[in-house]
Amino acid sequence: MDTTAIVLAGGRGSRMNYQEKAWAIHRGRPLIRHVLDRISPQVTHIIISRNRPDPRYDDLPYTCLADDSDRFDGPLAGIATCISMVTTPLTLVVPCDTPNLPADLVDRLNVGLQQADICIATDEQRDQPLIMLAKSGSLDSTSDYLATGGRSVTGWLDTHRIERVRFNAPLLANINEASQLE
């Protein structure tokens, strides 16, 4: 199936000393490069959601879109902005700070879509709601949810039929603090 990936690269970066987290260096390369390398073989299109102007995004061979608002409304705002550009039946959503995503992420999450509109990754400890594969039409509701004042990804997910697929925690680990960079 054709799949578009939305890479969420926005955010304040408060736990990273307010730096643009996507460009924080991890194992010799920016975090976003790790994520792009992991997902590009699994999808047909990539869109990057960012909410700050940064010329480094101009060097990427992908569409980069800024949030429709400058209020830092969270990851759902990034999804809402990007979904209008999606023309594929499936959409993968991943954050820019998960450098170890599995090479079979889309295939494994796709199994969960047989029974649901959205399939999220989970590990031994918790759900990872920002690592999801969705039937693209189900993401259209993000704008309406935001318009009602909602900002919680899990609150929005509660309005859909979801399934979960379990992965080993290290594959889903995200880097939130500068001390986690290698």
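I count a contact when heavy atoms come within 4.5 Å. This is a predicted model, where local features need pLDDT of at least 70, side-chain atom pairs count only at pLDDT 80 or more, and totals for chains, interfaces and linings use all residues. Residues are numbered from 1 along each chain as its sequence is written, and side-chain values use heavy atoms, with hydrogens and water left out.

**Isoleucine 48.** I skipped its neighbours within four places in sequence and found contacts that include Val7, Ala9, Ile32, Leu36, Tyr57 and Leu60. Cys64 and Cys82 are also among its contacts.

**Cores.** A nonpolar core here is a set of buried Ala, Val, Leu, Ile, Met, Phe, Trp, Tyr and Cys residues joined through side-chain atoms within 4.5 Å; buried means under 20% relative accessible area (1.4 Å probe, protein chains only). The largest one has 31 residues, and Val7, Ile32, Ile48 and Leu92 have the most contacts inside it. Helix H1 gives the largest share, four residues. I also found a second, separate core of 19 residues, with Leu8 and Met132 among them.

**Sheet.** Helices (H or I, at least four residues) and strands (E, at least two) are DSSP runs numbered from the N terminus, and strands pair if DSSP finds at least two bridges between them. I read seven strands in an open, mixed sheet, ordered E5-E4-E1-E6-E8-E7-E9. E5 (63-66) and E9 (162-166) each have a single partner strand, so one side of each has no neighbour in the sheet. E1 and E6 run parallel, joined by six bridges; leucine 8 has proline 95 in E6 as its bridge partner.

Key:
Buried < 20%, exposed > 50% of the residue type's maximum accessible area, 1.4 Å probe, protein only.
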